[in-house]
Amino acid sequence: MKPSLRKFLYGTLIVFCTVFTAFIFINGSKKTTLPELKPRQGALANAPEWATTQAKVKKLLEELEAKPEDARTKLMLAKEFMQEGRISGDYSYYNKAALDLINKVLAKDAANFEAICLKSMVYLSQHRFSDGKAVAMEALKANPYNSFVYGLLCDANVELGAYDEAVVMADKMVGVRPDIRSYSRVSYIREIFGDLPGSIEAIQMAISAGFPGQEDTEWARMVLGHLYEDSNRLDKAEEQYKTALRERPDYPFALAGLGRIAAYKKDYPAAIQYYEKARNVISEVSFLEQLAVLYRLNNQPKEADEYARITLNALLADNITAQKNQDEGHYSDMELANMYLLLNEPAKALPHAQTEHQRRPQNIDACETLAWVLYQNGQAAQALPFITTALRTQSQHPERLVKAGIIMNANGQKKEGADLINKGLSLKPYMDETITKTAQSIIGG
Amino acid sequence: MKTNISCRRLPLLLLCLFIAAVAQAHTINYDLAKLSQSGVAWTYLQQGFLHILPLGLDHILFVLSLFLLSSKLSTVIWQATAFTVAHSITLGLAVYGVIEPLPAVIEPIIALSIFFVALENILVQQLKPGRIAIIFLFGLVHGMGFAGALTAVGLPPADYFTALLTFNIGVELGQLAVILSAYLLVGRWFSEKSWYRNIVVNPSSAFIAFVALFWTIERTFF
């Protein structure tokens, strides 16, 4: 190439890059990327609130186009996205969308109370419990008379295993505003402390405080169903799930509830049908995991393996996304640990159980998971302190009692172990066969 | 002469990028609060390295472009150091909330900078002193890109500085790993050969320029 041509081309390159940089700057500065609603699929598209949600979001987006800096509109849109994430199960997309809007508001006004509360809520939904608590504490400083903040702090403390603090927060919440949200928290706290009748009473009050058919009311009804399942009252549990389906047709968690009831009765084909229907409504990983279990119980190993693979990939992808970018995905180490146990790979479950425990060393679920994973890895002695921590609130969760009994028995505490197993099996005689077989061999049933 | 013109214009454009609202809140990751200082250092060193190798393909291509024009190890390391000093400045400013770079502006300019350096490799016969200045300016832009990555990871509430410092060291180590690999695989053995420029430098630079142009268009218009 001739030197003169080379010089000409080099000059052209400089001019081109300079002009293009200016263009990028002008074009990029104008870009306002507003997140949008994703279309719903299947039965969810027929849910009663979908048309209202679409109309609301459309209106809010139009308002934001007209007034791009309006904080109130941004936060209303963020709330809509968070609610849609819960209904559709697409937490990853909608949490990120909501968080982007909330952060934009906080960038202009760091003291915006509502934005701080919503940010805490998104963090909790992403399983970033310490972050959620820290942000909620900021909100509490700004306004100590808001029940929503106490709800956030109650949730964060429960997840972090600070149960006594959670009780204080739930008390304050229900004192400031007795409604479906505060009664639900009271119910959960009572359940953790082993007061099953009290827990049932509080969740019934929550349901009475809500509007039948609304998602939060029906979710509370699911909790009631679960509590009945855990206290050997399957008929009552079934009644709750059927009521929920009448009030909110195709409600996926109610379908899953009926699936569980069918599975307890060993009617696996019916259970599979319910879960297949539920998973077609929302993409909920726990439904896929249950389908893997049910297909195995129904002697369909090919389908079971396929669902196990899909579940594992979904959980791994979510966990990796959360590690790369904490604003997306959510930490799913506990679910991964349980999934590896299901796949009979306890060695792979261990690092995930340990990671979750490091994140929440006082949380009873994280302690129980680590203890059970250690036991499955042949480390019963190491499991003992963790299961002891998991039992410290006197929770009457049947599976936890049975697992604790098995671990105690393996550590030579025969009587305590047998008592716990008997108690667990009396509350839920129809629990997972893999656990009950071991438990019954211990108590000689 | 023309390099000087670009050197005068680019800072003006970069100054425009700095005119942004001061960030009110940093992205804090409270789950990292439990880490010891050495734990923070190790975590962010790894994060910095990972954001070059294997996650930072655009940064890898930029560093390879620096290597292609002159395979002399000392020259490449000088350029890489200028790049690191520059990106450390903007990364620090962004993390401490002094500037809030717009990804819609920064990401296309990063791609354009790779396109520029790769084509410069073809059009310029040897390294000129102005190249260091250009690389420094591009380093400022890339630093704003790293800030996006670091913000996504979040920062521990008590060890901002340790995290920032070790993240930068991790980035530098990642760059050195790319340079040393390229040197040991190609430069060490072939850079003195008469065919090196025609067979290695020009085709590789053209390929990098093509990829970078694609990214520039994609990040600007889509």
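This report walks through a predicted model, looking at the fold of chain B and at several helices and loops of chain A.

## Chain B as a whole

Let's begin with the secondary structure of chain B, which has 8 helices and 0 strands. Followed along the sequence, the pattern reads α-α-α-α-α-α-α-α. Of the 222 residues in chain B, 49% are buried.

Taking contacts in chain B between residues at least 6 apart in sequence, 92% link residues at least 24 apart.

One backbone feature to look for is the cis peptide bond between Leu53(B) and Pro54(B), with omega at about 10 degrees. Pro54(B) sits in the loop that runs between α2 (37–50) and α3 (57–69) of chain B.

## A helix pair in chain B

Helix α5 (residues 103–123) and helix α8 (residues 196–221) of chain B pack against each other at an angle of about 160 degrees, and their axes are 8 Å apart. Because of that angle, α5(B) is roughly antiparallel to α8(B); the cut-off for this label is an angle over 145 degrees. The crossing of the two helices α5(B) and α8(B) is left-handed.

By class, the residues of the contact of α5(B) with α8(B) are 15 nonpolar, 5 polar and 2 charged. As a reminder for reading such lists, an α-helix has 3.6 residues a turn, so residues three or four places apart point the same way.

## A helix pair in chain A

Now for chain A, where helix α9 (residues 180–192) and helix α11 (residues 215–229) pack at an angle of about 20 degrees, with axes 11 Å apart. That angle makes α9(A) roughly parallel to α11(A), since angles under 35 degrees count as such. The crossing of α9(A) past α11(A) is left-handed.

On the α9(A) side, the contact is formed by Ile180(A), Ser184(A), Ser187(A) and Glu191(A); on the α11(A) side, by Asp216(A), Thr217(A), Ala220(A), Val223(A) and Leu227(A). These residues of the contact of α9(A) with α11(A) divide into 4 nonpolar, 3 polar and 2 charged.

## Ala254(A) and its surroundings

Ala254(A) belongs to helix α13 (residues 252–264) of chain A. This alanine, Ala254(A), counts as buried because it has 26 C-beta neighbours inside 10 Å, and the cut-off for buried is 20 or more.

Leaving aside residues up to four places away in sequence, Ala254(A) touches Glu218(A), Met222(A), Tyr241(A), Ala244(A) and Leu245(A). Ala254(A) can also be placed relative to Glu238(A): the two are 16 residues apart in sequence, and their C-alpha atoms are 9.0 Å apart in space.

Helix α15 (residues 285–297) of chain A has 13 residues and reaches 19 Å from its first C-alpha to its last, close to the 18 Å expected at 1.5 Å a residue. Buried residues of α15(A) include Phe287(A), Leu288(A), Glu289(A), Leu291(A) and Tyr295(A). Just after α15(A) comes Asn299(A), with a positive phi of about 55 degrees.

Helix α21(A) has 13 residues, which should span 18 Å at 1.5 Å a residue; its end C-alpha atoms are 19 Å apart, so the two values agree. Since 11 of the 13 residues of α21(A) are buried, this helix is largely enclosed by the rest of the structure. Among the buried ones are Pro398(A), Arg400(A), Lys403(A), Ile407(A) and Asn409(A). The cover over the buried residues of α21(A) includes α19 (364–376), α20, α22 (414–427) and α23 (433–443) of chain A. Just after α21(A), Gly412(A) has a positive phi of about 85 degrees.

## Positive phi in two loops

Asn232(A) has a phi near 60 degrees, a positive value in a residue other than glycine. This asparagine, Asn232(A), lies in the loop between α11 and α12 (234–247) of chain A. Asn232(A) is partly exposed, with 15 other C-beta atoms within 10 Å.

Gln394(A), too, is a residue other than glycine with a positive phi, here near 65 degrees. Its loop joins α20 (380–390) and α21 (398–410) of chain A. Gln394(A) counts as exposed because it has 9 C-beta neighbours inside 10 Å.

Key. Residues numbered from 1 in each chain as written. Chains lettered and ligands numbered in written order. Predicted model: local features only at pLDDT ≥ 70, side-chain atom pairs only at ≥ 80, totals over all residues. Axes fitted to C-alpha atoms, helices over the stretch in contact; angles between N-to-C directions. Helix = DSSP H or I, 4+ residues; strand = E, 2+ residues; numbered from the N terminus. Parallel < 35°, antiparallel > 145°, perpendicular 65-115°, else oblique. Left-handed = near helix turned anticlockwise from the far one by under 90°. Nonpolar A, V, L, I, M, F, W, Y, C, P; charged D, E, K, R; others polar. Buried ≥ 20, exposed ≤ 12 C-beta atoms within 10 Å, placed from the backbone. Contact = placed C-beta atoms within 7 Å. Expected span 1.5 Å × (residues − 1).
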